[in-house]
Amino acid sequence: MLRDEILSELYKKQDLKYRDFQGKLIPPKTVDDMIGVRTPELRKYAKELLKREDIEEFLEILPHEFFDEYQLHAFIISGIKDYDKCMEEVDKFLPYVDNWATCDQLSPKVFKNHRPELLKQIKKWIKSKETYTVRFAIRMLMEHFLDEDFDIKYPEMVAKVRSDEYYINMMIAWYFATALAKQYDSILPFIEEKKLDKWTHNKAIQKSVESYRITPEQKEYLKTLKIKQIN
């Protein structure tokens, strides 16, 4: 089976020190869920596997046993050049994504040439009950709709998301920090008018202040907009 071949290759690339380090950073995954293959190795291997006619056999295996398999799966999908096929695989994969690292590695290159179709999917994903489907939706808005295709409707869409999930709220904060760097004048009212929940609001400001893309003057003003915590 192709999976047996893939696992054999992954174990050949295993780095135990990296596995032990990584196992502390990506909950709910632990070292027992990991083989320990470094990201550049996985990316390189994914490119090789994409050329195989039988790669579908691996993509059909969900859920996976190991974190490294999920990462490899994400990289393979990210390299699929046919938009419809890529989107089909993304939709199959997302319900099984259970950690921030795999979610954030899923970044199909073909999406940039199909933004109108992608936006329709984002509107569906952002309403999902699955944590990492929502996180992925927000990240796609951040990645593809903050430049020439920017519309105020998109940050409004993100600002409406309310969640108790840390990894969703962290992505919202990341989105608004990035949006401030790219569309400062349009995004600033979201902060001034406190359209985010308190934690996410303050985290967005923190990430902006840490960014080299925000001017010193902008940083000083943003600091004045932090919501003070009441003990």
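Helices here are DSSP runs of H or I, at least four residues long, and strands are E runs of at least two, numbered from the N terminus. With that in hand, let's start in a loop. Proline 28 lies in the loop between helix H2, residues 16–22, and helix H3, residues 39–50.

Before I go on, a word on the source. This is a predicted model, where local features need pLDDT of at least 70, side-chain atom pairs count only at pLDDT 80 or more, and totals for chains, interfaces and linings use all residues. Residues are numbered from 1 along each chain as its sequence is written, and side-chain values use heavy atoms, with hydrogens and water left out.

Most peptide bonds are trans, and most residues other than glycine have a negative phi. Now look at proline 27 and proline 28. A cis peptide bond joins them, with omega about 5°. Next, go to leucine 62 and proline 63. The bond from leucine 62 to proline 63 is cis too, with omega near 0°. Proline 63 sits in the loop between helix H4 (55–59) and helix H5 (67–78).

Then there is lysine 194. Its phi is near 55°, a positive value in a residue other than glycine. You will find lysine 194 in the loop between helix H12 (184–192) and helix H13 (198–209). How accessible is lysine 194? Its relative accessibility is 45%, so it counts as partly exposed. On this scale, buried means under 20% relative accessible area, exposed means over 50%, and partly exposed is in between, with a 1.4 Å probe and protein chains only.

On to salt bridges. Side chains of opposite charge can pair when their charged atoms come close. The rule used here is a side-chain nitrogen of Lys or Arg within 4 Å of a carboxyl oxygen of Asp or Glu. How many salt bridges does the structure hold? There are 22.

Take aspartate 20 with arginine 19. Their closest N and O atoms are 3.0 Å apart. Aspartate 20 is partly exposed at 33%, and arginine 19 is partly exposed at 21%.

Now glutamate 193 and lysine 195. They form a salt bridge, with the closest N and O atoms 3.6 Å apart. Glutamate 193 counts as exposed, at 51%. Lysine 195 counts as partly exposed, at 34%. Elsewhere, salt bridges that share partners join Glu56, Glu60, Lys85, Glu89 and Lys92 into one network.

The next pair is aspartate 104 and arginine 139. Their side chains meet in a salt bridge, 3.6 Å from N to O. Aspartate 104 lies in helix H7 (residues 100–105) and arginine 139 in helix H9, so the pair ties together parts that are 35 residues apart in sequence. Are these two buried or exposed? Aspartate 104 is buried at 17%, and arginine 139 is buried at 5%.

Stay with arginine 139. Helix H9 covers residues 131–144. Contact here means heavy atoms within 4.5 Å. Setting aside neighbours within four places in sequence, arginine 139 is in contact with Cys103, Asp104, Gln105, Leu106, Ser107, Met171 and Trp174.

Isoleucine 126 is another buried residue, at 10% relative accessible area. It is found in the loop between helix H8 (115–125) and H9. Beyond four places in sequence, isoleucine 126 touches Val134, Ala137, Ile138, Leu141, Met157, Val158 and Val161. Isoleucine 126 and phenylalanine 136 are 10 residues apart in sequence, and 8.1 Å apart from C-alpha to C-alpha.

Last topic: surface charge. Patches are made of residues with over 30% relative accessible area and no salt bridge, with like charges joined within 9 Å and nonpolar side chains (Val, Leu, Ile, Met, Phe, Trp, Tyr) within 5 Å. Areas come from the Shrake-Rupley method with a 1.4 Å probe, and for residues only the protein chains shown count as cover. Lys and Arg are positive, Asp and Glu negative, while His and the chain ends are not counted. A charge is placed at NZ of Lys, CZ of Arg, CG of Asp or CD of Glu.

The negative patch gathers Asp82, Asp84, Glu88, Asp91 and Glu117. Helix H6, residues 83–93, gives the largest share, 3 residues. Aspartate 91 is in helix H6, and is partly exposed at 36%.

The positive patch gathers Lys120, Lys123, Lys124, Lys127 and Lys153. Which helix gives the most to it? H8 does, with 3 residues. Lysine 120 is found in H8, and counts as exposed at 59%.
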